[in-house]
Every structure is written in C-alpha cells, then in structure tokens.
Amino acid sequence: MVLRIHLTARDLARVHLAREPDPVWETLLGLHQLTTPRRGLPVFAPWRRSARARLAEEHLAGPVRMLSTLAPASAGYWPDFLTPDASADGLGAAIEALHATPGQQVRQEMHRLADSYPLPQWARALAGGERHRMEEVATAFRLVHRAVIAPGWTGAAMTTEADRAMRTRVLRDRGVHGLLDSFRPLMDWRPPVLHVRYPEDRDLHLGGRGLRLIPSHFCWHTPIALADPALPQVLAYPVAHPPSWAPAVTRDRRPKALAALLGRTRARVLAALDTTATTGELAQRLKISASSASEHITALREANLAHSQRARAQVIHTLTPLGTALLHGELPPHPVTD
C-alpha cells in the first residue's frame with residue numbers, strides 16, 4: 001500500500017527539513033520501541049534497558065499507559081492533536097498547542113480512535129470534553145519525555161543531524177527534486193507525486209501548504225503522516241542508525257578509537273568535515289589520496305565523530321555532534337600521542 005503525496009510548484013517551494021528531533025514524535029515513537037515486544041529491535045536494546053529502569057525508578061507506569069493508549073503501536077491511527085505543528089518549536093510549544101486543541105477536534109479524533117478498539121473511562125472522558133484530562137495528557141508527555149527521551153537526546157540528535165546534513169547537502173547540490181529523490185527506496189519521487197510505503201492506500205493533496213520532513217530517531221521502517229489532510233502536513237521518517245550511536249557500544253570503543261585521532265592529517269580531515277563532503281572531495285580538498293581519505297574517515301566514524309550515508313551514487317560524510325564539539329573545543333580530547 002502507498003501514500004501518494006501530491007506536490008504543486010508552491011508545495012515544492014515550501015518543502016523543508018525539521019531543524020532538530022521533534023520531541024513529541026520522538027516521545028510517542030520511543031514508547032512504541034519500548035512497550036511493544038514485536039518492536040524489540042536490537043539497535044535500541046541499550047536505550048531500552050536504561051529507559052525501563054528510569055521509568056520504574058520514577059514510578060511512571062501510569063503516564064506510559066496513558067500515552068500508549070492514545071497512540072498505540074498496534075493501531076493504524078493516532079489522534080493528530082498529539083503531534084501538533086507547534087512541536088517544531090519544542091516541547092513547551094507543543095504542550096501549549098495541546099491545551100489549545102479545539103474541543104471538536106478532540107472529540108472527532110478520539111471517536112475515530114475508539115473505532116479501533118475499546119477505550120478506558122478516562123479516554124472517553126477526554127473525548128467527552130473534560131478538559132482536566134488534557135492536562136493529564138500534557139503531564140504524561142512531560143514526565144515520559146524527561147525520563148526516557150531527554151537523557152538520550154544527544155543520541156537522537158546525532159542520528160537525525162547526520163541525516164539532516166546529508167539531505168541539506170543534496171538539496172544544495174540538486175535542489176528540492178534531488179532532495180525528494182534521495183529518499184529511495186523508502187520513498188519514490190515521481191514528479192509531481194511522492195510515493196511513500198504506508199499501512200494504507202490513500203492520496204494526500206498538499207494544495208500549496210508545503211511539507212515538513214521530520215527525520216526521526218525512533219521511527220522505524222515506515223514513514224508516518226497526519227491523518228487529517230486539512231492540517232499543516234508533516235512526514236516523520238526513519239533515519240539510519242550507525243552502531244556507534246548506542247551508549248553501550250560507544251563506551252566500549254571510544255577510548256581505543258580516540259587514541260588514533262590526533263595525527264596531523266586526521267585532524268585536517270576532521271576539520272574538513274565541518275561541512276559535508278564525499279571521499280573524493282575530501283581527497284581533492286586536502287591533496288591526499290582517495291584511499292587515505294577513506295582510511296581517515298573510517299577511523300573518525302569508528303570513534304563516533306563522523307557519519308557516512310549513501311545518497312544515490314554518492315556517499316556523503318559529515319560530523320556527528322560529538323565530532324563538532326571536539327573540533328570547536330567544546331570537548332577536551334584525551335591526551336594521546338601520534
């Protein structure tokens with residue numbers, strides 16, 4: 001099944017990438033990875049262990065159950081009011097928008113959710129207009145985000161920023177058509193329609209409103225769009241996860257990997273990756289061989305300082321947040337020798 005997103009010329013001018021991970025999307029999608037056994041993906045195993053420990057320590061079973069009831073991983077629908085467009089400006093703005101959701105929208109979307117499976121009494125009360133229930137939902141977002149998403153925000157920022165840097169590079173070099181084309185095989189850009197693998201078959205006409213593309217750390221396999229075509233449209237999509245993002249892996253490998261970083265050429269490669277580059281561009285820029293550039297990039301990637309991602313025929317390299325911090329003196333390097 002396919003979601004077909006129809007883009008006019010005005011829509012193409014308004015396609016843009018989210019500036020950073022979206023806190024409400026990451027909270028809900030993180031819960032999917034945490035609470036649903038069939039989504040027990042190995043890449044999230046270290047995070048899942050620490051997240052469960054924090055939830056138990058802070059006695060947050062109730063808030064987790066509340067959010068999981070409203071946005072169940074097993075359902076093909078969640079209420080759109082849970083992921084307001086204001087979330088682009090952070091969790092605080094999203095919570096304000098949550099409180100300001102029109103009652104009619106809450107009722108309609110909760111009734112649609114109720115068509116999927118029976119709702120508990122508190123959820124029926126929310127649908128019935130009991131506004132204090134919305135405060136409980138907002139509190140659940142704050143508590144769960146603080147407990148299981150915020151502690152790993154650097155990891156989410158690393159994977160999403162690496163994707164964002166690659167997409168920005170493609171946008172710079174090949175324009176918005178190249179950007180949309182870079183999502184293959186996840187999405188198939190056949191102008192003027194973006195074909196997206198999706199749980200249901202439907203058409204979405206943007207009508208000049210544009211599209212916010214949200215790279216998501218916890219999204220997996222299938223992009224997610226809003227259900228209501230009248231709302232400002234977004235598309236959350238999964239990003240690649242280098243093995244080194246996981247905390248347990250990083251702790252084991254970093255000391256040995258960092259010990260190889262302070263050679264002169266490697267430091268120049270690190271500085272050159274402050275802007276994205278291909279292996280060939282790095283070799284030309286630094287006047288070294290392509291094989292040498294590849295070797296240094298591999299070492300940086302092993303140390304979780306660089307990230308590489310393929311975009312059609314090219315492999316584009318960029319710094320991770322840790323690499324940027326090291327380059328700009330925001331993180332003292334370990335004292336090692338050449």
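Helix 11 (residues 264–272) packs against helix 12 (residues 279–286) at an angle of about 120°, and their axes lie 11 Å apart; axes are lines fitted to C-alpha atoms, for helices over the stretch in contact, with angles running from 0 to 180 degrees between N-to-C directions. The model is a predicted one, in which local features need pLDDT of at least 70 and side-chain atom pairs count only at pLDDT 80 or more, while totals for chains, interfaces and linings use all residues. Residues are numbered from 1 along each chain as its sequence is written, and side-chain values use heavy atoms, with hydrogens and water left out.

Helix pair

- Helix 11 and helix 12 are therefore oblique to each other, a class left for angles that are not under 35 degrees (roughly parallel), over 145 (roughly antiparallel) or 65 to 115 (roughly perpendicular).
- The contact (heavy atoms within 4.5 Å) is made by Arg268, Val269 and Ala272 of helix 11 together with Leu282, Arg285 and Leu286 of helix 12.
- Of the residues in this contact, four are nonpolar, none polar and two charged.

- Three strands form an open sheet in the order 9-11-10, with antiparallel pairing, where two strands pair if DSSP finds at least two bridges between them.
- Strand 9 (277–278) and strand 10 (306–311) are the edge strands, each pairing on one side only.
- Strand 10 pairs with strand 11 (residues 314–319) in the antiparallel sense over six bridges, and His307 stands opposite Thr318 in strand 11.

Helix on the sheet

- Helix 13 (residues 290–302) lies across strand 10 and strand 11 and runs at about 115° to strand 10.
- Helices (H or I, at least four residues) and strands (E, at least two) are DSSP runs, numbered from the N terminus.

Notes
Nonpolar A, V, L, I, M, F, W, Y, C, P; charged D, E, K, R; others polar.
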